[in-house]
Structures are given as C-alpha cells and as structure tokens.
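Please read these notes with the model open beside you. They take one region at a time.

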Amino acid sequence: MNSLLVEVKKSMEAVIQQEQSQDKNLDRGIESFIERSRKIQSIERLPGDASARRYYRVKTLSISDGLSEPFTSLIVMVMEPFEDLTNHIPFLSIQRHLHEAGVDVPRVLDFDPKNGFVMLEDLGDATLLRLLQDVSSPEVERHYFERAIDALVALHTGTGPGKSKEKIDGFHLKFDTAKLMWEVNFAIEHFYQKHLNRTITDQDMKVIQEGFTQICSELDREPTVFTHRDYHSRNLMVTPVSGKEPRFVMIDFQDARMGPAQYDLASLLRDSYYQLDEKQIEKLVTYYVDQMARHGAPVLDRAHFDRIFDLMAVQRNFKAIGSFASFLNRRGNPSYLKFIGNTFENIRRNLLKYPEFARLREVLYHYYYF
C-alpha cells in the first residue's frame, strides 16, 4: 500500500474513532438527561431529516413526572446547546405558541439547554406521506389532505402577532421580495451552476432574474399569516388515537415566519414528495378557502387567490430544487435528487398557465433538459 493511501486510511480511522467517541459521550449524556425522571430500557438512533438535528427513540420502564398519560416511549431531539437562551429558542417558543392556540404539535416533556436536548412525546413513525402510499381511492386521499388543511387553517387563523405572549422572532420576519429572491438565487447556484454545471448566458440570466423578480414582488404585496414554512407530507405525523380519528401533528415548525397563506398551501398541495392530480388540487384549494371563511377569514377574490397560489408554488418548488441540490453539494447527500424531476414539472406546468412568463419557462426548461 503506497504512503498516500496509508495516510488516508489512518485519517479515516481517526475520524471514525472520534465519531464513535462522540456518539458514546452523547449516549451517556442522553441517559443522564432521561434518568432525571425515568428509567431507561433502550436508546435507538432514528434516521435524520434534512437538518443537522439528531433524533433518538428512548424506551422507558417508569415515569415520575405526574403526567396524565404514561409515556413509555419518548423522542430526544439533539441540537446545538442553547444554555444562553434557556427556553427561548425558536422551537420551544413556537411550540408553546402553537399548542396554546390549539394547533396539534408534539408535547415537550423536558429540555436540557446545556447539552441541547429536548424531550418530546413519541408520535410514532407514520407520516402523512407514509399513509398516502396505501390510499385506496381519490376520496380517501382527499380526506387525508382535508385533515392536513384543517391543521393549516388552525395555524393561519389562530396564531401570529397579537395572539401570543411569546417573543417570537418569526413574527418580525417575512417572505418579502429580498428573501424570496435570495432563495431563487440559491437555487440557481446550487442546481444549475453547481449540480448541472451549466453556464447561463447574461441574456438568459436576465430573463430568469426579471421573471422571478416579477413573481416575488407580486407575492410580497400579499397579506400575511404566520406560515409553517415547510408544510408538506413528511412534516405531518399521523398518530393513532384509541377509538378516535388519528392525530395530524405538525413538526419541524421552528423556522415559521410571516408570509402569504398560499405559501403553506402550495407546499402541501404541490409537494415535491407526492403528486396530486390537478382536479384533486382544485377541490382541496376550494376546501381551504371554505374553511378559512368559516373561521372568519374569507377569500374575497378567488381568481386572484388561485394566481398567487400558482406563483407561490413556482417559487416554492424552485427553492426546494435548490435545497435538494445543496444537500449533495454541501453534505454529500444525494438522496433528495430523485425528487427534482417531479418538482421541476410542477414549475413547468404552472408557468404554462401564464403567457407573461413564457420566456422564463423556456429558459428554465432549456438549462434543465438541454
């Protein structure tokens, strides 16, 4: 074996040993955290999401915190330590706000700021996406999405500034033109330039910039609600309840901020992970509009609402493509690349509806397929 390979092998072994040591220390830290109130039976690391957070399922033998329900299985979420912020990190403050507003979110059982541990109820492993793989008819599919929309309406009508005592940074953040265009440019960089290795001409870049600036400026003028920001079939847990309908529990809400109501609706109905039929989407948009009206937030111009829904989906889907490519570029994780094709088709089909964006569609299409 040549000297270079020997050095590489030694370096890799050192990294592996360091990671194993860190995992052992983390396990010991979790054990100490849990055993403040429970006796541990087992700890299992769960597959991660697209973030840097790590999750562990902990089986416990006993409980002593006086909760009305015995939690024999718990989830520990591990993030960066937040000792200086105590319980004012976005996840905890937003969780309290949503819970108090009647939005179904995971219950927080304990937290350890020094080590970055948050103990949550165990919601199981069934996401809405997993539930959808077994749908037997369009009616069943629509019922599941209507349940997801019910949760979304509760978020959009019951939360936000003036409805919480919590100091939530997201109340002062908005999906404005600058933020939306930053996401567009992020996607151009990571998808077209780095992943596809495309060189976009100055003329075509001008078309992309002007087209998306028009879209993002139009979105910026819309009234805002408190948006989840990443509301899709992987971020809704479906948890059985004995003798009742299952719970639809939203997770991954810590980046919530102000934005058009159509932002979350487009994330859900034009999901990168699950493709709905267009007629089904129309029915579900109508269901959302009807439910908002019943909660005192009527949509006064349905045609305008639908246009903003489509344009929001274009921006949101383009941003998602950039994220998927960046997971490979930055982390070496290619697992999300398989969702790019369907997501791009969402963009193409929506832009086809609007002749004023024909050149934008043609340029985006050209650099993707050719």
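1. The buried residues of helix H2 pack against strand E3 (73-78), strand E4 (108-112), strand E5 (117-121), helix H4 (138-158), strand E6 (225-227) and strand E8 (244-250). Buried means under 20% relative accessible area, exposed over 50%, and partly exposed in between, with a 1.4 Å probe and protein chains only. Helices (H or I, at least four residues) and strands (E, at least two) are DSSP runs, numbered from the N terminus.

2. A word on the source: this is a predicted model, in which local features need pLDDT of at least 70 and side-chain atom pairs count only at pLDDT 80 or more, while totals for chains, interfaces and linings use all residues. Residues are numbered from 1 along each chain as its sequence is written, and side-chain values use heavy atoms, with hydrogens and water left out.

3. How many of the 11 residues of helix H2 (residues 90-100) are buried? The count is 8, so H2 is largely enclosed by the rest of the structure. The buried ones are Phe-91, Leu-92, Ser-93, Ile-94, Gln-95, Arg-96, His-97 and Leu-98. Just after H2, Gly-102 has a positive phi of about 90°.

4. Strand E5 is mostly covered, with 5 of its 5 residues buried. E5 pairs with E3 in the antiparallel sense over 5 bridges; two strands pair if DSSP finds at least two bridges between them. Phe-117 in E5 is the bridge partner of Val-78.

5. E4 also pairs with E5 in the antiparallel sense, over 4 bridges. Met-119 in E5 stands opposite Asp-110. The hairpin of E4 and E5 has 4 residues between the strands, and Gly-116 there takes a positive phi near 75°.

6. The largest nonpolar core has 94 residues. Such a core is a set of buried Ala, Val, Leu, Ile, Met, Phe, Trp, Tyr and Cys residues joined through side-chain atoms within 4.5 Å. Leu-128, Phe-212, Leu-269, Tyr-288 and Leu-364 have the most contacts inside this core. Helix H9 (residues 302-331) gives the most to this core, with 13 residues. Apart from this core lies another, of 13 residues, among them Leu-26, Phe-33, Val-76 and Val-78.

7. What does Tyr-288 touch, leaving aside its neighbours within four places in sequence? Tyr-288 is in contact (heavy atoms within 4.5 Å) with Ile-149, Leu-152, Val-153, His-156, Ala-261, Leu-265 and Phe-305.

8. There are 22 aromatic pairs in the structure. Rings of Phe, Tyr and Trp (its six-membered ring) pair if their centres lie within 6.5 Å; planes under 30 degrees apart count as stacked, over 60 as edge-to-face and the rest as tilted. Trp-182 and Phe-186 are stacked because their ring centres are 5.3 Å apart and their planes lie at 25°. These two residues are 4 apart in helix H5 (residues 177-195), so about one helical turn separates them. Trp-182 is exposed, at 52% relative accessible area, whereas Phe-186 is buried, at 12%.

9. Phe-327 and Tyr-336 make an edge-to-face pair, 5.0 Å centre to centre with 65° between the planes. Phe-327 is buried at 11% relative accessible area, and Tyr-336 is buried at 8%.

10. Arg-234 has its charged end over the ring of Tyr-273, 4.5 Å from the ring centre. A charge sits over a ring if NZ of Lys or CZ of Arg is within 6 Å of the ring centre and within 35 degrees of the ring normal. Arg-257 lies over the face of Phe-175, 5.3 Å from the ring centre.
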